[in-house]
Amino acid sequence: MSADVWLSIPPEEIEGLPEGPRYLFWDGGEEFPGDPGGCAFYVVPYMKPPTAVLRPLPGMAAVQVVQTLSAGTDQLDPGLRHLPAGVRLCNARGVHEASTAELALTLVLASLRGVPDFVRAQDRGQWRGGFRPALADKTVLIVGYGSIGAAIEDRLAPFELARVARVARSERTTARGPVHPLTSLPSLLPHADVVILSTPLTAQTKGLASADFLAGMKDGALLVNVARGPVVDTDALLAELKTGRITAALDVTDPEPLPPGHPLWQAPGVLISPHVGGPTSAFLPRAKRLLVDQLTRFVNREPLRNVILTTGA
């Protein structure tokens, strides 16, 4: 069998692909571009349903690399058991940081300054002035301090914050200051005016923003989720939003897509964007550069970047 590479971007649109493999285009459609058993390098279609992107995995007996174009890889978890040992799962670190950080800042500023209210008032032809909270002098807590969390702090830097606190799965020190472990959340949450979730979805972080987590946030605080929907307990969030004690800005929800009639749509104090942190004009150039680099490394048998796990290890 030939060593096929399944690309979710047409190969003729990617300049600099290394010679050697046979490049096949598949973006999650019903028909496979070739025999899954001949696929050595699988680029997972971006922003497609899990049912679509998992479908070829049971037949990929010779696959060596599964490369996502998303920052998270949780959507592939149910299919990893079908893969042979030694398959490297790689994420798209370096592709989404700028766009996701931009959106996180947009959601913070829009929520604090009341932009959704202004848009609704404009639709009604009403002039609605008054004082609104500023981001200046606020304390921001970033929960999930990987490359996206760091990019969010980069964009917060000019806003004259009182303090930025950082939390991740493991404690460490960065050039900007300490990164606290998840166990420090109870002592940090009561002091944060804005809590930004940018953590991967794992068994440890599923439901992290629980009823206790939300109850620990200070009165008037804003919760921003640009991570994954299940990081937040939706029922617990709804209960808090209904009291008016906190507000929220959500790019991701649980369930997702959020169905018509779901109570989150009408909950007070919530701004919802439809999971648009990654899909921007910045995506394709960065995704293409990542694929050229990874495939060049693969063809030359050099270490790959962004390896999240190796199956069977």
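**Reading rings, cysteines and strands**

Biologist: How many aromatic pairs does the structure hold?

Modeller: The structure holds 7 aromatic pairs. Rings of Phe, Tyr and Trp (its six-membered ring) pair if their centres lie within 6.5 Å; planes under 30 degrees apart are stacked, over 60 edge-to-face, and the rest tilted. Tyr-46 and Phe-283 make a stacked pair, with 4.3 Å centre to centre and 15° between the planes. Tyr-46 belongs to the loop between β3 and α1 (50–54) and Phe-283 to helix α9, so this pair ties together parts 237 residues apart in sequence. Helices (H or I, at least four residues) and strands (E, at least two) are DSSP runs numbered from the N terminus.

Biologist: What should I know about the model before reading on?

Modeller: This is a predicted model, in which local features need pLDDT of at least 70 and side-chain atom pairs count only at pLDDT 80 or more, while totals for chains, interfaces and linings use all residues. Residues are numbered from 1 along each chain as its sequence is written, and side-chain values use heavy atoms, leaving out hydrogens and water.

Biologist: Are Tyr-46 and Phe-283 buried or exposed?

Modeller: Both Tyr-46 and Phe-283 are buried. Buried means under 20% relative accessible area, exposed over 50%, and partly exposed in between (1.4 Å probe, protein chains only). For an exposed case take Gln-266 in helix α8 (residues 263–266), which has a relative accessible area of 70%. Its C-alpha atom is separated by 42 Å from that of Leu-83, 183 residues away along the chain.

Biologist: How many disulfides does the structure hold?

Modeller: A disulfide is a pair of cysteine sulfur atoms within 2.5 Å, and the structure holds 0. For Cys-39, the nearest cysteine sulfur is that of Cys-90, 13 Å away. From Cys-90, too, the closest cysteine sulfur is in Cys-39, too far for a bond. Cys-39 counts as buried at 0% relative accessibility, and Cys-90 has 0% as well.

Biologist: What is the strand order of the open sheet of 6 strands?

Modeller: Two strands pair if DSSP finds at least two bridges between them. The order is β2-β1-β3-β4-β5-β14, with mixed pairing. β2 (22–25) and β14 (307–310) are the edge strands, each pairing on one side only. Neighbouring strands are turned by 20° against each other on average, direction ignored. Axes are lines fitted to C-alpha atoms, for helices over the stretch in contact, and angles run from 0 to 180 degrees between N-to-C directions. Helix α9 (residues 283–299) packs on this sheet, touching β1 (4–7), β2, β3, β4 and β5 (88–90), and its direction makes about 160° with that of β3. Contact means heavy atoms within 4.5 Å.
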